[in-house]
Amino acid sequence: MHRFFIPKPFKQEMQITGRDAHHIIDVLRMALGDRLQVVADDGVSFVGEITAVTANTVTVAAREILRDSHEPDVAISLYQGLAKGDKMELVIQKAVEIGVTDIFPVAMDHSVVVLEASKAGKKVERWQKIAEAAAKQSKRDIIPTVHQVMPLGQALQAKEQDLLLVAYESENQVSLKEVLQSHKEAKTIGVVIGPEGGLSMEEVEAAVARGGIAVSLGRRILRTETAGLVAATAILYETDNLGL
């Protein structure tokens, strides 16, 4: 069943407008009586029946409140170093599918990609649309936020974390698993992932100074577009949020 997000608090009858209304009417060709899933911005999700359709608006009436949450009980923030080409789009799409709560695109010392302010804004707008589409496809109860591009220090100041993990390729003593097992009480977890060129020593030291813990993701060196997804999946597994 298709899922749509409405940026308004739950009411018994709600309207879907804009691009989503066009998608329902012209692409999916849904009609009166058809049902879809809706998530209001106060977190209420329900099965709605289409009761009216105009050129730009689809009205849905709530028929069944959905009690089961699709969200993990640990919130993961991904601090992803800017990557080349379409890699950022891939990371954002898959991170949302996996269950990441929000994504910070980070301009790092070794980032090959340098975005001017005007271009960065347009990129973030596109990335947010990718996050929204992935949230719909994966039946998320929220649309994860893609934050503005910023340096690592600023990104780490923007949000407090119970546990901050720094995936560092030169760390060969402390594993992600053992840190997670020793911090089982953590409900908000940040993961710092370097770009293609990796994290600089200064960035690692700055993150550690803020309480971060440098960890290894295993014996093999992972590409930047792989590392964050592996880390997020491992976190969800260790916190019993994968349902496996």
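Guide: Start at Ser200. Its side chain makes a polar contact with the side chain of Asp109, at 2.7 Å (a polar contact is a pair of N or O atoms within 3.5 Å, where one must be able to donate a hydrogen and the other to accept it; residues adjacent in sequence count only if both atoms are side-chain atoms). Keep in mind that this is a predicted model: local features need pLDDT of at least 70, side-chain atom pairs count only at pLDDT 80 or more, and totals for chains, interfaces and linings use all residues. Residues are numbered from 1 along each chain as its sequence is written, and side-chain values use heavy atoms, with hydrogens and water left out.

Ser200 sits in the loop between strand E11 (188–193) and helix H6 (201–209). Helices (H or I, at least four residues) and strands (E, at least two) are DSSP runs, numbered from the N terminus. Ser200 counts as buried because its relative accessibility is 4% (buried is under 20%, exposed over 50%, partly exposed in between, with a 1.4 Å probe and protein chains only). Set aside its neighbours within four places in sequence, and Ser200 is in contact with Asp109 and His110. Contact means heavy atoms within 4.5 Å.

Move on to Ala214. This residue lies in strand E12 (residues 213–215). Ala214 is buried too, with a relative accessible area of 15%. Beyond four places in sequence, Ala214 is in contact with Val166, Tyr168, Glu171 and Val174. Glu132 is another matter: Ala214 and Glu132 are 82 residues apart in sequence and 31 Å apart in space, C-alpha to C-alpha.

Along with Glu169, Leu217, Ile221 and Leu222, Tyr168 is among the residues nearest the centre of the largest pocket, which 31 residues line. On a 1 Å grid over the protein atoms alone, a pocket is an open set of points where a 1.4 Å probe fits, with protein on both sides within 12 Å along at least five of seven lines; lining residues have an atom within 4 Å of a point. The volume is about 540 Å³, meaning the space filled by probe spheres set on the points. Helices H5 (176–181) and H7 (224–238) each supply at least two lining residues. H7 gives the largest share, 4 residues. By type, the lining has 13 nonpolar, 9 polar and 9 charged residues (Ala, Val, Leu, Ile, Met, Phe, Trp, Tyr, Cys and Pro are nonpolar; Asp, Glu, Lys and Arg are charged; the others, Gly among them, are polar).

Now the second largest pocket. Its volume is about 360 Å³. It has 17 lining residues, with Phe5, Ile6, Pro7, Lys8 and Asp20 nearest the centre.

Last, the rings. The whole structure holds 2 aromatic pairs (centres within 6.5 Å; planes under 30 degrees apart are stacked, over 60 edge-to-face, the rest tilted). Phe10 and Phe46 are edge-to-face, at 5.3 Å centre to centre and 70° between the planes. They are 36 residues apart, with Phe10 in the loop between E1 and E2 and Phe46 in strand E4 (residues 45–53). Phe10 is partly exposed at 26%, whereas Phe46 is buried at 0%. Tyr79 and Phe104 are stacked, at 4.7 Å and 10°.

Notes
Phe/Tyr/Trp six-rings, centres within 6.5 Å; stacked < 30°, edge-to-face > 60°.
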